[in-house]
Amino acid sequence: MASSVNPTVRRRRLGQELRRLRELKGMTAEEVAERLLVSQSKISRLENGRRSISQRDVRDLCGVYEVEDQRIVDSLMQMAKDSRQQGWWHAFGDIPYSVYIGLETDAESLRTYEPQIITGLLQTRAYAEALIQGALPETSVADVEKRVQVRIGRQERISAENNPLRLWVVLDEASLRRVVGGKQVMREQLEHVAEMSQLPHITVQVLPFDVGAHPGINGQYSILEFADAADSSVVYIEGVTSDLYLEKAPDVQKYTVMYEHLRAQALNVEQSRQRIEDVAKEYAR
C-alpha cells in the first residue's frame with residue numbers, strides 16, 4: 001500500500017529545508033510572519049511539517065529568503081506539490097492519526113512500548129475490532145471497520161518482502177492479561193505475536209509485573225527512525241484528542257535512554273516468547 005510519494009515525509013523534509021533557509025538568512029519566524037502578513041504559528045506549522053504547504057507559500061518564502069538559485073526554488077516547489085498528494089490511508093477518509101501513519105510508512109525502524117494493549121502492527125483483525133469497539137463505544141460499525149482496515153493496511157510494512165520495517169516492541173505483561181474480545185480472541189492474538197516474534201526483523205520483549213516501577217510507567221510511546229539522514233528521529237506519543245511529536249535531539253535522546261532501560265529490565269527474547277505462549281495456553285483452558 002505504500003505510495004512512491006509520501007506526503008507526510010515530503011512536508012516534513014520541505015519544512016526542514018525552509019527552516020534551514022530562514023536560519024541562514026538570520027531571521028526569526030516572527031520576522032518572516034511580519035513580512036508576509038501571516039501569523040507566526042503558520043510559519044511554525046509549515047516548518048514542522050504538520051500542515052500542507054502551497055507552491056505559493058514556497059514562492060513567497062523563497063522571496064523573503066532571497067533564494068537566487070532557481071533550481072532550489074523549483075525543487076522546493078515540486079516538494080510542495082508532492083506534499084499535497086494523498087497517501088494510501090486517505091482513501092479511508094478522515095483518520096485522526098494520519099500524520100503518524102505517514103511517518104510509519106516511511107520509517108526504517110520503530111521501537112515502541114505498550115503498557116496496556118498489543119501494539120497495532122501485531123494485532124489480529126478480531127483483536128483490533130474488539131479493541132476499537134471497546135475504546136470508542138460510540139463509534140459506528142462502519143467507522144470501526146474503516147479503522148480496522150487501516151490498521152491491517154499498516155501491517156504491510158512488517159510483512160513486505162523488500163525492506164520491511166524493523167520493529168522492536170516491549171509489551172507490559174498487562175497487555176497479555178487484559179482480555180480483549182474474549183479468551184478465544186486473546187489466545188489467537190498471543191499466538192500471532194509469538195509467531196511474528198520469530199521473524200528476523202521483529203523483536204518482542206515482555207516487561208513482567210515483578211519489575212515494579214520502571215521508566216515507562218507514564219505510558220505508551222514510540223520512536224521512529226528513518227533511512228535518510230535528513231530525516232530526524234521522531235518520538236510519538238498518542239493522545240485522546242491530540243498527539244505529540246517530539247523531534248528535538250535532547251527529547252529523542254531522553255526517550256531513547258528510557259527505552260534502553262525498558263529493554264534491559266524486560267525478559268529476554270526467548271523468555272518473552274515463552275511467557276506469551278504460556279499465557280496463550282491459559283486462555284485455551
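## Largest pocket

In this predicted model, 34 residues line the largest pocket, and I117, A135, R151, E238 and G239 lie nearest its centre. A pocket here is an open set of points on a 1 Å grid over the protein atoms alone, where a 1.4 Å probe fits, with protein on both sides within 12 Å along at least five of seven lines; lining residues have an atom within 4 Å of a point. Two or more lining residues come from each of α6 (98-106), β1 (109-114), α7 (125-135), α8 (141-154) and β5 (234-237). Helices (H or I, at least four residues) and strands (E, at least two) are DSSP runs, numbered from the N terminus.

The volume of the largest pocket is about 1,000 Å³, taken as the space filled by probe spheres set on the grid points, which are joined across faces, edges and corners. Its lining comprises 16 nonpolar, 10 polar and 8 charged residues. Ala, Val, Leu, Ile, Met, Phe, Trp, Tyr, Cys and Pro count as nonpolar, Asp, Glu, Lys and Arg as charged, and the others, Gly among them, as polar.

## Second largest pocket

The second largest pocket holds about 350 Å³ of space. It is lined by 13 residues, with R19, N48, L246, E247 and K248 closest to its centre. Helices α1 (7-25) and α3 (40-48) and strand β6 (244-246) each give two or more residues to this lining. By class, 2 lining residues are nonpolar, 4 polar and 7 charged.

E173, in helix α10 (residues 173-177), is buried, with a relative accessibility of 6%. Buried means under 20% relative accessible area, exposed over 50%, and partly exposed in between (1.4 Å probe, protein chains only). The side chains of E173 and R275 form a polar contact of 3.2 Å, that is, a pair of N or O atoms within 3.5 Å, one able to donate a hydrogen and the other to accept it.

Helix α11 (residues 183-196) has 14 residues. Its buried residues are V185, M186, R187, Q189, L190, V193, A194 and M196. Elements covering them include α7, α10 and α13 (269-283), with contact meaning heavy atoms within 4.5 Å.

## Positive phi in loops

E66, in the loop between α4 (55-64) and α5 (70-83), has a positive phi of about 55° although it is not a glycine. E66 is exposed, at 54% relative accessible area. N163, in the loop between α9 and β2, also is not a glycine and has a positive phi of about 50°. N163 is exposed, at 59% relative accessibility.

## Basis

Residues are numbered from 1 along each chain as its sequence is written. The model is predicted, local features need pLDDT of at least 70, side-chain atom pairs count only at pLDDT 80 or more, and totals for chains, interfaces and linings use all residues, while side-chain values use heavy atoms, with hydrogens and water left out.

Conventions: Expected span 1.5 Å × (residues − 1).
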